[in-house]
Amino acid sequence: MALTLEQVRHVATLARLSLTPEEEQRFTTQLSAVLDAVEQLQSLDVEAVEPTSHATLTSSRLREDVTRPSLPPEKSLANAPAKSDTSFAVPKIIE
Amino acid sequence: MQLTDLTMLELAAKLAAGEASSEEATRASLARIQQVDPKVRAFLRVDEAGALAAARASDARRKSGSPASALDGVPLGLKDIFLTEGVETTAGSRILEGFVPPYDATVVRLLKEAGLPLVGKLNMDEFAMGSSNESSAFFPSHNPWDVARTPGGSSGGSAAAVAAREVFGALGTDTGGSIRQPAALTNTVGLKPTYGRVSRFGVIAFASSLDQPGPMTRTVADAAALLQVIARPDAQDATSADAPVPDYSADLEAGVRGLKLGVPREYFTEGMDPEVEAAVREALREYERLGATLVDVSLPHTKYALATYYLIAPAEASSNLARYDGVRFGLRAKDARSLRDVYALTREQGFGAEVKRRIMLGTFALSSGYYDAHYLRAQKVRTLIREDFTRAFQQVDALLSPTSPVPAFKLGEKVEDPLSMYLMDIYTLPCNLAGLPGLSVPCGFTKAGLPVGLQILGRPFDEAGLLRIARAYEREHDFFHRSAPL
Amino acid sequence: MPVSDFQPVIGLEVHAQLLTQSKIFCGCSTAFGAEPNRNTCPVCLGMPGVLPVLNQRVAEFAVRTGLALECTIRPTSVWSRKNYFYPDLPKGYQITQFDQPICEHGRLVIDTPQGEKSIRILRIHMEEDAGKSVHDAGGGQSLVDLNRAGVPLLEIVSQPDLRDADEAVEYLKAMRDVLVYLGVNDGNLEEGSFRCDANVSVMPKGSTTFGQRCELKNLNSFRFLKQAIEYEIARQVDVIESGGKVVQETRLWDVNKGVTRSMRSKEEAHDYRYFPEPDLPPLHVSAEAIDAAAKALPELPRAKLQRFTRQYGLPAYDARILTAERPLADYFEACAGHYKDYKKLSNWFLGELMRLLKEEGTPLSALRFTPAQLGELLGAVDQGMVSANAGKDVLGEMFRTGKAPSDIIAEKGLAQVSDTGAIEAVVDDILAKNAGEIEKYRAGKKQVFGFFVGQVMRAMKGKGNPALVNELLKKKLGD
């Protein structure tokens with residue numbers, strides 16, 4: 001299927017990618033080509049087939065409800081681009 | 001003969017006999033890196049101090065007669081997708097430049113506990129998305145057998161480093177062939193274990209239902225020994241398997257006499273390089289000579305695997321990569337003034353073209369109105385592909401095929417053509433969709449001297465079987481003795 | 001049409017924080033009130049490479065709640081990712097359950113002025129909470145604290161079966177009682193560990209087609225829930241009456257202004273792109289585990305209330321207070337094993353005991369005396385061994401020291417004198433000393449009787465049995 005420029009922009013908004021106009025054009029072409037290639041799946045009758053969402057269905061690993069030491073905040077925040085005391089900082093959230 | 005020419009097990013034997021020290025081996029590895037890596041460019045980062053400290057600790061253990069494992073002291077490299085506490089880890093991406101993890105991946109912890117010095121972090125396609133190493137945000141690695149060519153991807157740095165004898169072995173990850181394809185292109189052994197056999201905790205996720213770490217080595221026996229260290233259930237990975245871990249080296253030399261080996265006709269298609277096909281067919285005849293029976297089998301849904309993969313993997317990736325948002329770690333765009341900018345500019349500047357392309361594709365495949373026709377349908381076809389394998393393994397013990405349809409291609413050749421790049425994975429990715437183990441073992445060279453790999457696929461948790469089959473072939477040839485012309 | 005010509009239709013989504021020690025997918029503490037990001041680790045920070053592993057108690061609590069609300073428990077439920085970007089959502093997705101939740105098709109019975117009403121439960125699912133953002137932290141910044149990120153929640157979604165704000169409040173109270181009884185939630189609306197959103201629409205009376213609904217948020221008290229729903233009903237009727245159309249949207253209850261207002265920024269381009277969480281295998285709950293959970297289910301508040309009125313013959317008012325919290329109800333029943341006048345026992349509970357508990361701020365679990373001792377005290381009052389007033393003092397002492405009532409009565413000399421001879425001697429003595437007062441009494445000044453009682457009681461240090469004192473005085477005074 002061919003994607004429109006509009007669709008590419010919408011998807012970029014969902015994905016939080018601020019594409020350049022040149023990228024928007026390029027992705028419109030390239031993604032359309034990939035979607036054309038995956039179109040072949042439409043020819044299969046999968047009505048009665050169960051989807052596989054997990055490679056393994058055997059495991060059911062759970063954990064006990066016990067606490068383990070957390071990271072000290074200085075480690076939790078060591079990689080933060082911006083912080084204030086022990087909080088992560090971002091430009092003001094506007095509701 | 002230099003120390004770096006030894007295999008992992010040969011070195012381990014010398015260490016055990018006191019004929020060499022881990023520090024010597026680690027220094028030899030570091031020297032070799034200094035010597036050849038300017039040409040190969042396998043390493044993103046070398047941790048000389050960390051590796052030497054670990055080596056000295058290993059030597060002390062050996063000296064006191066209490067080695068931590070059979071491989072105690074053998075220096076290793078890590079694909080830069082494995083989190084290493086205190087050592088920068090980037091997954092080949094600008095968005096993680098400068099990220100210093102506060103914890104070790106489970107497999108890194110296991111390697112450290114087993115005493116293996118970790119000499120550095122190896123180059124890769126950004127977030128493991130690519131088949132040539134060219135999507136690395138930093139630089140492409142080069143194939144030691146022809147430095148104008150790709151070592152493959154995404155674990156291309158790992159394969160190149162092992163082939164160039166910069167390290168004795170390495171860990172890679174395989175989502176659609178990222179261990180096996182570069183192994184095939186560099187005359188090395190690459191094993192993708194069964195999904196769940198090796199913990200994914202601390203391994204930067206590309207596609208969670210497909211990713212699997214595994215060993216990349218020069219020999220089959222080394223792969224078995226390295227797998228032995230990292231294969232175990234992990235309480236921190238809910239998808240890791242409880243299946244018992246056998247002794248992977250026990251049956252290595254048992255041969256293939258009496259085994260039934262399937263040859264899937266869908267894996268010998270047009271578009272395959274004739275020299276690759278010739279080498280693989282020769283290997284098939286070799287197996288017959290060694291006493292195996294070849295069985296023609298069909299995996300009828302193979303032709304849908306590529307499309308299925310290129311919906312499922314990007315969809316999972318689009319979600320897995322949402323955490324790179326400029327808030328808690330990694331890059332934040334300098335010019336971001338608003339929260340929206342923090343997200344959109346950081347991600348625009350931090351991700352490379354291939355990663356953005358897949359995020360876009362995956363976001364689309366999951367989006368409202370397209371989910372059923374794309375993602376859900378792909379998951380259903382995934383079931384059909386799994387069932388193909390289940391049926392095949394009722395008839396045969398393993399499947400044989402080429403690993404890659406072509407030998408190493410020139411750097412730059414396919415960069416602008418994503419679809420032709422995606423075709424590099426057609427023989428490797430069905431195995432990931434089915435969660436099966438797969439292995440690539442060297443099976444010769446083209447006239448131009450480029451390596452060719454043979455792929456062996458097996459039943460769930462039959463890594464021992466794959467290793468044994470690979471070893472039967474390896475034993476008959478000198479391929480792994482050959483060193484790349486650097 | 002006036003408001004009375006419209007039928008409101010309301011459904012509630014309750015978010016209940018589960019009372020686990022650790023978070024849903026990692027070992028960090030769920031404790032409230034720590035310094036920002038003190039309770040975080042790579043997993044709940046959404047660091048690269050991390051994976052979730054389910055806290056099994058979360059599943060146990062979900063099953064317990066589902067059974068209590070008469071739900072069907074799914075043998076296999078599936079985790080999904082809900083994808084959206086927000087600074088307090090570390091991974092860029094929330095792990096939740098979507099199309100295959102753990103519990104479905106339940107109900108909760110509530111009281112309405114028209115009698116009992118059954119409110120259907122659509123579904124219950126498990127999910128992780130997000131962190132907390134302080135929006136205006138000064139300097140043009142917002143601050144993010146991820147201590148709450150990964151705290152386990154149950155989301156309980158009702159069918160739109162509620163018809164006015166009072167029913168909604170009744171439903172929410174009943175739901176809170178059930179969850180607290182089950183020990184899965186602390187029922188604290190103010191701290192947000194028990195919270196709810198309301199979906200509200202209106203339709204003309206008699207219609208069977210629901211109107212367009214709005215989702216109300218920030219309803220962190222029963223009062224706000226009622227006010228917000230009533231405001232929203234009136235607002236929607238207004239919109240329709242003035243020829244407009246209700247727009248489906250999220251609206252925030254503004255506590256200060258007493259209005260709901262649109263959260264337009266939340267409306268933009270939302271497409272959560274749910275898909276099965278590949279890092280977590282589907283959750284299997286065996287039939288045996290469900291059976292065991294069903295057998296272990298405690299008696300629920302409503303059933304207990306009904307039983308208290310039936311079994312103990314208590315008024316509904318008493319039963320409601322006694323069963324409001326499980327420990328109090330349990331303690332009442334323990335005491336009822338030692339004292340059979342249940343109404344009188346209830347009076348002591350509702351009066352003295354609850355006063356003491358409140359004044360001393362003592363939890364019931366820390367009571368120092370046994371049910372048998374309380375029974376003993378009440379028996380002593382009944383038998384006149386100690387006056388009712390002195391009994392209250394004894395209870396107070398038992399509460400503080402845990403001493404046996406008989407010991408306290410003896411130590412403090414609180415035993416009531418019911419020995420007729422002893423009282424008679426005092427009465428005679430008082431009468432002998434107050435001849436003048438006797439004259440006044442006999443002349444018809446009957447209030448002097450009170451003076452005599454007071455004198456006798458003072459002489460006996462308050463321990464004379466009042467009934468006997470009265471009786472003897474009257475006899476001697478010749479009445």
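Helices (H or I, at least four residues) and strands (E, at least two) are DSSP runs, numbered from the N terminus. With that term in hand, I opened my notebook.

**Ground rules.** I am working with a predicted model, where local features need pLDDT of at least 70, side-chain atom pairs count only at pLDDT 80 or more, and totals for chains, interfaces and linings use all residues. Residues are numbered from 1 along each chain as its sequence is written, chains are lettered from A and ligands numbered from 1 in the order in which they are written, and side-chain values use heavy atoms, with hydrogens and water left out.

**Entry 1: a pocket.** I looked up the second largest pocket. A pocket is an open set of points on a 1 Å grid over the protein atoms alone, where a 1.4 Å probe fits, with protein on both sides within 12 Å along at least five of seven lines; lining residues have an atom within 4 Å of a point. I found 36 lining residues, with D177(C), P301(C), R320(C), T323(C) and A324(C) nearest the centre. Which element gives the largest share of this lining? Helix 2 of chain C does, with 7 residues. I then sorted the lining by class: 19 residues are nonpolar, 4 polar and 13 charged. Here Ala, Val, Leu, Ile, Met, Phe, Trp, Tyr, Cys and Pro count as nonpolar, Asp, Glu, Lys and Arg as charged, and the others, Gly among them, as polar.

**Entry 2: domains.** I saw that chain C is divided into domain 1 (3–290), domain 2 (299–412) and domain 3 (420–476); such bounds come from an automatic or database domain assignment. The pocket lining draws at least three residues from each of domain 1 and domain 2 of chain C. The centres of these two domains, taken over C-alpha atoms, are 38 Å apart. Their contact (heavy atoms within 4.5 Å) takes 9 residues from domain 1 of chain C and 12 residues from domain 2 of chain C.

**Entry 3: a strand.** Is strand 12 of chain C largely enclosed or open? I noted that 9 of the 11 residues of strand 12 (194–204) of chain C are buried, so this strand is largely enclosed by the rest of the structure. Buried means under 20% relative accessible area, with a 1.4 Å probe and protein chains only. Strand 12 of chain C pairs antiparallel with strand 1 (6–17) of chain C over 11 bridges; pairing needs at least two bridges found by DSSP. I also traced 3 bridges to strand 13 (214–217) of chain C, again antiparallel. V200(C) in strand 12 stands opposite I10(C) and also opposite C214(C) in strand 13.

Note on methods
Buried < 20%, exposed > 50% of the residue type's maximum accessible area, 1.4 Å probe, protein only.
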